[in-house]
Amino acid sequence: MLPPQHGSRGDRRRGADATIGLWVSAIVTLCGCGGDPSAVFDEASFLAELDTWRQERDAGLRRDDGWLSLAGLFWLEEGPNRFGANIDNDLVFPPGSAPPVLGHFLVAGDGVRVRTAPGVELRVSGEPAMEAAVASDADGDPTMIEHGSLLFYVISRNERLGVRLKDRSSPLLAGFEGMHHYAPAPAWRITGEFQPYDPPKIIPVPNILGTPVDETCPGRVVFEVVGETYTLEPTGEPGEELFIVFGDETNGEHTYGGGRFLRAAWPADGEVVLDFNRAYNPPCVFTPWATCPLPPPQNRLSLSITAGELAYGSDDHS
């Protein structure tokens, strides 16, 4: 029996997209999600695992230091960079979030120090400090600086240094009502063939800053939808989780215009499971202060993937 059409008003408007979903659902339901005709698809487990994934995703977004707490992104210049709430600062923090002047970031080449303004307390790596060296996130462990509800740190992007500001009292975080999704669709849990590159190749991944970043691509994933063949190039080091930035024909209408993200386990026996029900939005869907990768041209699919997260603020519901 074919599954029902997606439940939201937006889903019911999709027409051709829904037709594709029905055909794929029929094929996968009969063949056992992923390609082995002898496999028995366990819908209850699929729904339970997807629900757990969605709950964990929601909890991550609601963290007081998560993407919804972003309150600013400021690029640093060589020399002193004064920061605080005054509008004449080099880095202007949101009104009411900080004293007029909190201090200075001192940039010398690729080194950064922070100096606290007189009468102001900053906590650097959890300890009060008047001056301290600051590590960027280049090695994945930036120095955290705190004042009141504010948390900020230095980021390194394409040979530029900046300060990412988070506010644990962010109105966006306080008002977050959760994500909307397409209805769960076993059809969009697809097993693809992994074709490794030997050696892995380097691919440029574009981003919203307009400065592509070279990433390691260990191979490509080839999969079929209703008899048509598609490919995706993930990034990731051998043996690690695959990370895919992809675009599809729902972008800009029902899903975020800048594409979505998908993670998949490292290939087993030459196969990769692509569960598009777990496709999720990049942080740029919530805030203008994130620096998100965009789908490389080869990952823009001429296909409507009606699964996973809808655009934030969409009036569609699962």
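Asp 269 is exposed, because its relative accessibility of 80% lies over the 50% cut-off. In this predicted model, Asp 269 sits in the loop that links strand 16 (260-264) with strand 17 (271-275). Its phi is positive, at about 55°, although Asp 269 is not a glycine. Here is a friendly tour of the other features, from backbone details to the whole chain.

**Backbone details**

- Ser 125 also has a positive phi of about 55° and is not a glycine.
- The loop between strand 6 (122-124) and strand 7 (127-129) is where Ser 125 is found.
- With a relative accessible area of 55%, Ser 125 counts as exposed.
- For context, most residues other than glycine have a negative phi, and most peptide bonds are trans.
- The peptide bond that runs from Asp 198 to Pro 199 is cis, and its omega is near 5°.
- Pro 199 belongs to strand 12, which covers residues 189-205.

**Cysteines**

- The disulfide count comes to one.
- Cys 284 and Cys 292 are the residues joined, with an S to S distance of 2.3 Å.
- The torsion about their S-S bond is about 110°, so the disulfide between Cys 284 and Cys 292 is right-handed.
- Cys 284 is buried, with a relative accessibility of 12%.

- Five strands make up an open sheet with mixed pairing, and their order is 3-2-4-5-8.
- Strand 3 (91-92) and strand 8 (131-134) are at the edges with a single partner strand each, so one side of each has no neighbour in the sheet.
- Within this order, strand 2 stands beside strand 4, and the two pair in the antiparallel sense over five bridges.
- Strand 2 spans residues 79-84, while strand 4 spans residues 103-108.
- Pro 80 has Leu 106, in strand 4, as its bridge partner.
- As a reminder, strands of a sheet pair through backbone hydrogen bonds, either parallel or antiparallel.

**The chain as a whole**

- The chain holds four helices and 17 strands.
- It has 318 residues, and 49% of them count as buried.
- Of the contacts between residues at least 6 apart in sequence, 57% join residues at least 24 apart.
- The accessible surface of the chain is about 15400 Å², and carbon and sulfur atoms account for 51% of that area.

How values were computed
Residues are numbered from 1 along each chain as its sequence is written. This is a predicted model: local features need pLDDT of at least 70, side-chain atom pairs count only at pLDDT 80 or more; totals for chains, interfaces and linings use all residues. Side-chain values use heavy atoms; hydrogens and water are left out. Buried means under 20% relative accessible area, exposed over 50%, partly exposed in between (1.4 Å probe, protein chains only). Contact means heavy atoms within 4.5 Å. Accessible areas come from the Shrake-Rupley method with a 1.4 Å probe; for residues, only the protein chains shown count as cover. Two strands pair if DSSP finds at least two bridges between them. A disulfide is a pair of cysteine sulfur atoms within 2.5 Å.
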